[in-house]
Amino acid sequence: MVDILHRVGITATPEKVYEALTTVEGLAAWWTTDTSGSADGVLEFRFGEVGGFDMKVLELRPNARVLWEVVDGPAEWVGTTVSFDLTQEGEWTILMFAHAGWREPVDFMNHCSTKWAIFLMSLKSLVETGSGAPHPRDVQISNWH
């Protein structure tokens with residue numbers, strides 16, 4: 001198994017970051033505008049023609065941890081987990097991100113690693129400035145979007 005890992009510092013409180021990770025409105029403001037579902041059940045994320053993902057919320061630890069399991073989407077994603085762990089270091093909230101449990105490091109994983117980094121920068125921008133860059137306003141990196 002292989003994982004996508006990122007560390008991002010955000011100059012905001014863990015509470016503000018957690019809110020952007022645990023509300024449909026917050027998620028739609030940094031990941032994809034086509035977000036629906038239940039913030040404590042199953043979340044549905046759609047990306048136009050390229051498809052989407054359904055995430056089952058497994059754990060919510062206020063201001064500290066969010067854990068999802070991918071229950072529908074591309075075969076490479078189904079059964080993987082996505083986690084956001086938050087700690088405060090001075091004025092910074094440190095977000096440790098993992099998209100864990102990939103069966104093998106396929107090309108799609110490389111693409112997704114870059115896209116996760118772009119969307120995590122969108123999250124950082126949303127929390128710090130009030131404006132993110134969710135799909136469809138995100139940076140396109142290839143013919144896969």
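Contact, as used in these exercises, means heavy atoms within 4.5 Å. The model is predicted, so local features need pLDDT of at least 70 and side-chain atom pairs count only at pLDDT 80 or more, while totals for chains, interfaces and linings use all residues. Residues are numbered from 1 along each chain as its sequence is written, and side-chain values use heavy atoms, with hydrogens and water left out.

**Exercise 1.** Work out in what order the strands form the sheet, and which strands are at its edges.

*Solution.* Begin with the terms: strands are DSSP runs of E with at least two residues, helices are runs of H or I with at least four, both numbered from the N terminus, and two strands pair if DSSP finds at least two bridges between them. Seven strands then form an open sheet, ordered 1-7-6-5-4-3-2, with antiparallel pairing. Strand 1 (2-10) and strand 2 (34-37) are the edge strands, each pairing on one side only.

**Exercise 2.** Describe how strand 1 is joined to strand 7.

*Solution.* Strand 7 (residues 92-102) runs antiparallel to strand 1, and eight bridges join the two. Within this pairing, H6 stands opposite F97 of strand 7.

**Exercise 3.** Decide whether H99 is buried or exposed, and list its surroundings.

*Solution.* First, H99 lies in strand 7. Finally, leaving aside neighbours within four places in sequence, H99 is in contact with V2, D3, I4, V70, W77, T80, T81, V82 and W116.
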